[in-house]
Amino acid sequence: MERQEKKDISFRRKPEWLKIKLPRGFKTSQVVQLLNEKHLHTICTSGMCPNRAECWGNGTATFMIGGNVCTRNCRFCNVTGGKPEPLNPAEIDDIVSSVLELGLRHVVITSVTRDDLPDGGAAHWAAMIRALHQNCPGVTMEVLIPDFQGSRDSLDMVIAEYPDIISHNLETVRRLTPEVRRTATYERSLDVLRYLAEHGVRTKSGIMLGLGETQEEIEETMDDLLRVGCKIMTIGQYLQPSELHYPVQDYIHPDKFAEYGEIGRRKGFRHIESAPMVRSSYHAEKHIK
């Protein structure tokens with residue numbers, strides 16, 4: 001297998017297809033005001049998502065529970081790593097009230113990784129899902145979970161609350177995982193997705209391109225996901241948050257992303273989003289349908 005040669009393009013001028021127009025409007029201001037008032041965290045902000053203004057303009061957001069400090073320090077991620085504060089049960093009520101106030105019909109919940117907790121934060125996750133079901137009838141839900149270090153007991157707590165989709169990202173191909181994700185492993189993530197699918201859960205996963213992967217490795221990753229029962233996939237361009245993060249190796253042209261989307265559909269994915277600006281929760285409401 002021929003590997004792509006590394007290119008020092010991390011902070012060069014981005015191509016035209018990666019330039020975005022940031023919409024403004026009442027909904028954007030409303031979401032930002034709510035987040036500030038309730039001291040809520042979103043992966044939209046912590047992860048420097050390029051779509052955050054568009055999503056906020058549409059009155060949607062991906063809420064992040066468990067605080068905003070992650071116990072891991074993955075080289076691609078802009079979320080702060082370190083020692084987190086104790087869990088704050090009040091964030092559950094604040095998210096529920098925000099969902100109601102914004103009139104959301106579909107909610108995405110994610111979290112930092114909490115390896116400091118015996119259950120990885122699974123009981124907190126279960127309480128969050130349960131509160132949304134009880135207080136926001138008719139609202140559909142996707143949860144983007146960490147690997148809980150592979151704990152079946154922790155996964156069972158989340159499964160038992162019946163979210164519409166449980167998502168867990170591979171992030172990159174097998175070869176690059178130790179360098180990019182560090183603590184997480186490719187096989188553990190596949191095992192998590194397999195376990196969820198075996199329990200009747202609709203699963204979803206995503207990867208980033210531009211880290212040095214080959215087309216052969218991308219297609220191998222697709223096959224691995226399908227083999228463990230995952231039929232929903234997202235593919236987007238990695239954007240390096242700072243000079244301290246893993247360097248971008250390439251900017252992939254939109255036509256190539258479209259090609260990967262077609263390949264994935266031919267392989268058997270029920271739904272696949274593949275474009276430079278795609279992130280795991282982008283247009284997530286479509287994945288329910």
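In helix α9, the residues Gln215, Ile218, Glu219, Met222, Asp223 and Leu226 meet Lys256, Glu259, Tyr260, Ile263, Gly264 and Lys267 of helix α10. By residue class, this contact of α9 with α10 divides into five nonpolar, two polar and five charged residues. The structure discussed here is a predicted model, and the values reported below were computed from its atoms. Two packed helices are described by the angle between their axes and the distance between the axes. For α9 (residues 215-227) and α10 (residues 254-267), the angle is about 35° and the axes are 11 Å apart, and the crossing in which α9 passes α10 is right-handed.

A further helix pair is formed by α4 (residues 90-102) and α5 (residues 122-135), whose axes come within 10 Å and cross at roughly 35°. The crossing of α4 and α5 is right-handed. On the α4 side the contact is made by Glu91, Ile92, Ile95, Val96, Val99 and Leu100, which meet His124, Ala127, Met128, Ala131, Leu132 and Asn135 on the α5 side. The residues of this contact of α4 with α5 comprise nine nonpolar, two polar and one charged, whereas five charged residues are counted in the contact of α9 with α10.

These elements belong to a protein whose secondary structure comes to eleven helices and ten strands. Of its 289 residues, 54% count as buried. Among contacts between residues at least 6 apart in sequence, 75% join residues at least 24 apart.

Strand β5 (residues 106-111) is mostly covered, with six of its six residues buried. In a regular strand the side chains alternate between the two faces of the sheet. Ile109 takes part in both pairings: Phe63 stands opposite Ile109, and in β6 the bridge partner of Ile109 is Val143.

Several loop residues were then examined individually. Asn169 lies in the loop between β7 (165-167) and α7 (177-180), and Asn169 counts as buried because its relative accessibility is 9%, below the 20% cut-off. A polar atom of the Asn169 side chain lies 2.9 Å from the backbone nitrogen of Gly206. Glu171 has a positive phi of about 75° although it is not a glycine, and with a relative accessible area of 17% Glu171 is buried.

The loop between α6 (152-159) and β7 contains Tyr162, for which phi is near 55°, a positive value in a residue other than glycine. Tyr162 counts as exposed because its relative accessibility is 66%, where exposed means over 50%. Glu161, in the loop between α6 and β7, is by contrast buried, with a relative accessible area of 15%. The side chain of Glu161 is joined to that of Arg130 by a polar contact of 2.7 Å. Leaving aside neighbours within four places in sequence, Glu161 is in contact with Ala126, Ile129, Arg130 and His133.

Ser242 is found in the loop between β9 (232-237) and α10. The side chains of Ser242 and His245 are joined by a polar contact of 2.7 Å. The C-alpha atoms of Ser242 and Phe76 are separated by 9.4 Å, although these two residues are 166 residues apart along the chain.

Notes: Residues are numbered from 1 along each chain as its sequence is written. This is a predicted model: local features need pLDDT of at least 70, side-chain atom pairs count only at pLDDT 80 or more; totals for chains, interfaces and linings use all residues. Side-chain values use heavy atoms; hydrogens and water are left out. Helices (H or I, at least four residues) and strands (E, at least two) are DSSP runs, numbered from the N terminus. Buried means under 20% relative accessible area, exposed over 50%, partly exposed in between (1.4 Å probe, protein chains only). A polar contact is a pair of N or O atoms within 3.5 Å; within protein, one must be able to donate a hydrogen and the other to accept it, and residues adjacent in sequence count only if both atoms are side-chain atoms. Axes are lines fitted to C-alpha atoms, for helices over the stretch in contact, and angles run from 0 to 180 degrees between N-to-C directions. A crossing is left-handed if the near helix is turned anticlockwise from the far one by less than a right angle, and right-handed if clockwise. Contact means heavy atoms within 4.5 Å. Ala, Val, Leu, Ile, Met, Phe, Trp, Tyr, Cys and Pro count as nonpolar, Asp, Glu, Lys and Arg as charged, and the others, Gly among them, as polar. Two strands pair if DSSP finds at least two bridges between them.
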